[in-house]
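Student: I am new to this structure and would be grateful for a close look at a single helix. Please describe how it is placed and what lies around it.

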Amino acid sequence: MSTYENLSVDRDDGVATVTLESSAGRNALTLEMANELASVASTLGDDPEVRCIVLTHEGPFFGSGADLSQLEGDAADAPRLRELASRAHEAIVHFHRTETPVVGGVNGTAAGIGFSFALIPDLLVLGEDATLQFAYPSIGLTGDGGSTFFLPRLVGLRTAKEIVLRDEPIGPEEAVALGLATEVAPAGEFDERLEEVATELADGPTQALGALTRLLTDSYAHGLESHLAAEADALADAARTEDYERGLEAFFGDDEPEFVGR
């Protein structure tokens, strides 16, 4: 694994934890960080030894948005913002399309493209200090990072419009109630709970879990007939895995299955 300047990657028993540590203040997204995220997302998503990816952060900011100190505040920023968004989007596509389960952990501020990155994971654990905010209208910009794609799918169109137009901070309990997050970790137990959730997924039949997340995602683009065919294909593929053999044997036995991710 390469050495990165704006993030770190730690592996432990099938779980790869990506910790965002931008060289810019408040974990702001720089072009270098976007390039590194695209690289690590591609690398981990294609690694058969990785059975769960965790995306979390160091310090009080999961992400505060783009590094505004590099901008001039006029039309000359348009190509810079386009380049930054395009590189970040490459990372987001890799994280979104991988068939490795992705767990997010936010216990700080996620705003701007940090908000967008918080929408990517399959499961999102929040800490008591988490705050989510769309934030783009505050500087006269529209959203990027897939925020306008993921948001209505998570919360519904009417609520998505309310979130982006009112642009108010969203606390952890409200985020769960809206469908933006999976759960809030008990006070003082954020790191432990994030590890528990990731380990639970990594210990599961991860090929089947990945196929399931793909089916759910692709359901928006399919008609019923084509989606039923995709389900049948995925079911047949899963039946060829060692995890299926282990699961069926355990079903008729007395022990819990020990899945291996293949």
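Tutor: In this predicted model, helix H8 (206-218) is part of what covers the buried residues of helix H9. Those buried residues are His227, Ala230 and Ala234. Because the arc they cover around the axis is only 55°, they are on the same side of H9. The exposed residues Glu225, Asp233 and Leu235 belong to the face of H9 that is turned away from its buried side. Helix H9 itself runs over residues 224-238, 15 residues in total. From its first C-alpha to its last it reaches 21 Å, close to the 21 Å expected at 1.5 Å a residue.

Aromatic rings and charged ends may be considered next. The structure holds four aromatic pairs. In one of them, Phe115 and Phe134, the ring centres are 6.0 Å apart and the planes stand at 85°, so this pair is edge-to-face. The pair links distant parts of the chain, 19 residues apart: Phe115 belongs to helix H3 (residues 113-118), whereas Phe134 is in the loop between strand E8 (131-133) and helix H4 (147-155). Both Phe115 and Phe134 are buried. Phe134 also pairs with Tyr136 in a tilted arrangement, with 4.9 Å centre to centre and 55° between the planes. Tyr136 is likewise buried, and Phe115, Phe134 and Tyr136 together form one aromatic cluster.

Arg153 is placed over two rings. Its charged end sits over the ring of Phe149, 3.7 Å from the centre, and Arg153 also lies over the face of Tyr220, at 5.1 Å from the ring centre.

How values were computed:
Residues numbered from 1 in each chain as written. Predicted model: local features only at pLDDT ≥ 70, side-chain atom pairs only at ≥ 80, totals over all residues. Heavy atoms only, no water. Helix = DSSP H or I, 4+ residues; strand = E, 2+ residues; numbered from the N terminus. Expected span 1.5 Å × (residues − 1). Buried < 20%, exposed > 50% of the residue type's maximum accessible area, 1.4 Å probe, protein only. Arc of directions from axis to C-beta. Contact = heavy atoms within 4.5 Å. Phe/Tyr/Trp six-rings, centres within 6.5 Å; stacked < 30°, edge-to-face > 60°. Lys NZ or Arg CZ within 6 Å of the ring centre and 35° of its normal.
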